[in-house]
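Hi,

Here is the model I promised to send over. Have a look, and my notes follow below.

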Amino acid sequence: MNKQWIRKEGQKWIADNIITEDQLDLITARYPDSEDKRKVTGILPILASILIGIGILSFIASNWGEISPIARLTLLIVFMLGFYFSGERYLKAGHHSLGTSLNLLGIITFGASIILLGQTFHLNAVDARLFVFWSLPTVFYLFRDRNKLYFFLLGLLTVGGQLYSINEFQSFSYLLFILFTLAVGGFVFLYPTIQKSWILTIGFSIQVLMFIMVKDINLLWFFLFGFALFTSGLWVDKDVFKQPFNRLGTLIGFGFAYGLYFLLTNEFSSDFELPHSYVYIPVLIILFALSIIGKRQENLYLHAWELLIFLPFFYLVRVTDPLIVGILYLIIMFVFSGFKLAEGYRNESRSQINFGIVLFLLVCLMGYFNLAWSFMPKSIFFLFGGVLLFILNAFLQRKKKQILKNGGPHHD
């Protein structure tokens, strides 16, 4: 039932002295707001349009060889303009979900048209410029309509295009990186939400990782990027950026500790290379100084243990056995995840507790896997490991329920 319709009709009933204003309020309150229902039903036109578009494009692609080049060009232009025209009409009529889905199909058809026409006229691509042109209409609709579907599509096109560039051409597309930074980053800066800031942070981190890999730079520089991301979370003013920067930076640092433990306690340590210390260490020192100052400004000086995961213990391989350094990383991960879990319990924060539980269980899993794999029968290994993780998780979840039983999380 539409509350807006009830109120509109109710004004007529009041004018005819059928009901009073208070009675109209009581009647309206008996019916749930249809806004949530519109959000759910609004998904159906989007799914229907996507399926129709996929069917049309699949039909064209499967019969592509039997269609003349001029007919191909005409067909693609007609479909693309048809989607755009229909989308604009539905948007003006107030059908935003259907209008947006048709515009999305227009964007998808535009990109598919470029690809199919390139195949028709035997045009050889030398870079990922296709994805730059493909993204431009998405940028236009994103800033015009501010719909999150365009935001997701733009992130997919820019990051996916970067992956395509590296896989096909073994090159990093600076144009896609700039487009992602300006368009996605600019939109999040102007219209920030926690969900969009997470997508921006993850997408930017993926592109930095791809740049480091394609340029054959020592992977430990990405560890330094994670530390820089964590440090930025201490200095950034907008709260929507603090959690993604902090959490993802921590995950990158923890992931490197995880990998270094496995690497240094196994035979792979012979291939381990360190970055040049005369550049790496000064940058690391600057980040540590900024982190400590940032924590003091936020009255978090007592939480400096969070920096433990970013200490460059891997340089110790120059003066001691790699196995000892690997075991040190295991101890550091246990200590760090334990502190993170204790912090969540102290703050009564559900998200912090869940984050700490995940980290702690990952450390237990890696330690168990690395220590017991070589001497335990595999069936017993998996059985005992599963039971152990189940018991640990049950214990930690029970502890979380006890902490949050008095009203739930206070700081999420």
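Which handedness does the crossing of α8 and α9 have? The crossing is left-handed, meaning that the near helix is turned anticlockwise from the far one by less than a right angle. The contact is made by F151, L154, T158, V159, G161 and Q162 of α8, and by L176, F177, L179, F180, A183, V184, F187 and V188 of α9 (contact is heavy atoms within 4.5 Å). Sorted by class, that makes 11 nonpolar, three polar and no charged residues (nonpolar is Ala, Val, Leu, Ile, Met, Phe, Trp, Tyr, Cys and Pro; charged is Asp, Glu, Lys and Arg; the others, Gly among them, are polar).

Before you go on: this is a predicted model, where local features need pLDDT of at least 70 and side-chain atom pairs 80 or more, while totals for chains, interfaces and linings use all residues. Numbering runs from 1 along each chain as its sequence is written, and side-chain values use heavy atoms, without hydrogens or water.

Helix α7 (residues 129-145) also meets α9: their axes come within 11 Å and cross at roughly 10 degrees (axes are lines fitted to C-alpha atoms over the stretch in contact, with angles from 0 to 180 degrees between N-to-C directions). F131, V132, S135, V139, L142 and F143 of α7 touch L175, L176, L179, A183, G186, F187 and L190 of α9. Here the count is 11 nonpolar, two polar and no charged.

Last, α5: its buried residues are R72, L76, M80, F83, Y84, G87 and L91 (buried is under 20% relative accessible area, 1.4 Å probe, protein chains only). G94 follows α5 with a positive phi, near 95 degrees.

Cheers

Notes:
Helix = DSSP H or I, 4+ residues; strand = E, 2+ residues; numbered from the N terminus. Buried < 20%, exposed > 50% of the residue type's maximum accessible area, 1.4 Å probe, protein only.
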